[in-house]
Amino acid sequence: MKWNCNPKSNNFCKSVILITDLTKAVAYYVIYMSKITNHEKKILIIEDETILLELFADKFISEKFEVLQSTTAEKGLKLALKNKPDLILLDILLPKMDGLTMLKMLRANSWGKNVPVIILSNVTDQQKVSEAMKLGVYDYIIKTDLILNDLVKQVKEVTNF
Amino acid sequence: MTNSSKFDTFLKQFKSILYRRRERIILPGEEADNVFYIEQGHVTQSILSPNGNQFTPYIFAPNTFFPSIWFENNHLSNIHDHEYESLTPVEVYKIPKGKLMSYFRENPNEIFIFYEQLTVYSAELLKKLETRVFGDAFHMVTLALLDLAKLFGKKQTKEIIINYWFTHQDIANISGLSREVVTIQMNHLMKKQLIGYKNHFIVINSLKALEMELQS
């Protein structure tokens, strides 16, 4: 038997429609909230040593980060401006364009001037790190002293807004 | 670089040292043989209680010396009582105390570089002490935010953006509170629309209103 529901003439029918709409709204809200709370933090790693790049990427992926990767500053800059990651790990010594030049270009961009950057450096890069600090960096890391779990902890702390 | 080219030349004979953020530069109990001059970044001075509580009475800005009291004096101990830690990545010059003393003796006018800093230091210390003694957690967090606004604030049209990526843990370290307490107080300030977040940075919507909260 087919039930004809006319909300204009039937109050019961009107209530059923209202409840259905409310249920739909609640469901949409739950989906929306779960999307917000489960939002993966996006990081970009720019490192020319592929072994190191993969090591970082695997670790951050296992920690539920969305990871963008680049072995050059040029591609890294493009990826950054297009995808707007929550943080950038930037090697200072890169082929062609170095990390410092890329950082300068990033900081000249209206979005890029605010993104936290952690510099990946070697012991001998003191002068370059000092210059990078003038452009505004969240921190720098000496690769030989790196403890991956500490880096993950630090990245989680600064991206947790 | 300072306003004095003579002092800049003096500094250049020392090698600059870099520290990562939250790296300890001076530990309590260490001999106070050196004075540090900050070229870049910020350094906190902290007091650690025997039960592990931390209180940060002062944040040193670029172009200042730390520790603040370093003159050779019979009444002062040559051992550091406080901890000095980098709040951001820093670049410092480590100057042997004797060499700095000789420099100021040879160039007495230059002592004003240091004297100016000492005046600010004393005033800030008193304000911190007042809040610590008479205020509660809300006041401590408010004061920490005002300090950060003064040191890192960039004025926009209406608001002030704190131009470094400070976490609740950083504010907890500065205010001597736990991270959880800071989060509660920050949420309280956000509900009052006194602060907010914009592109990773803490934003102070009205500096005047925040200062008034400190007096309440």
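Reader: How many residues does the contact take from chain A and from chain B?

Author: This is a predicted model. It scores ipTM 0.84 and pTM 0.83. The contact draws on both chains: 15 residues from chain A and 14 residues from chain B.

Reader: Which element gives the largest share of the side of chain A that touches chain B?

Author: Three elements of chain A each supply at least two residues to that side: helix H5 (126–135), strand E5 (139–142) and helix H6 (148–159). With 5 residues, the largest share comes from H5(A).

Reader: How do the residues of the side of chain A that touches chain B divide into nonpolar, polar and charged?

Author: Take the side of chain A that touches chain B. Its polar residues number 3, and its charged residues number 3. The nonpolar residues number 9.

Reader: Why is Glu63(A) counted as partly exposed?

Author: Glu63(A) sits in the loop between helix H2 (50–62) and strand E2 (66–70) of chain A. A buried residue needs 20 or more other C-beta atoms within 10 Å, and an exposed one has 12 or fewer. Glu63(A) falls in between, because its count within 10 Å is 16 other C-beta atoms.

Reader: How far apart in space are Glu63(A) and Thr50(A)?

Author: In sequence, Glu63(A) and Thr50(A) are 13 residues apart. In space, C-alpha to C-alpha, the separation is 20 Å.

Reader: What radius of gyration does chain B have, and what would a compact globule have?

Author: Chain B has 216 residues, so a compact globule would come out near 17 Å. The value for chain B agrees with that. Its C-alpha atoms fill a box of roughly 55 × 40 × 30 Å along the principal axes. The radius of gyration of chain B is 18 Å.

Reader: What share of the contacts in chain B join residues at least 24 apart?

Author: Chain B holds 7 helices and 12 strands. Of its 216 residues, 31% count as buried. Consider contacts between residues at least 6 apart in sequence; the share that joins residues at least 24 apart is 69%.

Reader: Where do the C-alpha centres of the two domains of chain B lie relative to each other?

Author: Chain B is divided into domain 1 (5–132) and domain 2 (135–215). Across the two, 12 residues of domain 1 are in contact with 10 residues of domain 2. The C-alpha centres of these domains of chain B lie apart by 25 Å.

Reader: Which element gives the most to the side of domain 1 of chain B that touches domain 2 of chain B?

Author: Two elements of chain B give two or more residues to that side: strand E5 (54–60) and helix H3 (111–134). The side divides into 3 nonpolar, 7 polar and 2 charged residues. With 4 residues, the element that gives the most is E5(B).

Conventions:
Residues are numbered from 1 along each chain as its sequence is written. Chains are lettered from A and ligands numbered from 1 in the order in which they are written. This is a predicted model: local features need pLDDT of at least 70, side-chain atom pairs count only at pLDDT 80 or more; totals for chains, interfaces and linings use all residues. The radius of gyration is taken over C-alpha atoms; the globule rule is 2.2 Å times the number of residues to the power 0.38. Two residues are in contact if their C-beta atoms, placed from the backbone, lie within 7 Å. Ala, Val, Leu, Ile, Met, Phe, Trp, Tyr, Cys and Pro count as nonpolar, Asp, Glu, Lys and Arg as charged, and the others, Gly among them, as polar. Domain bounds come from an automatic or database domain assignment.
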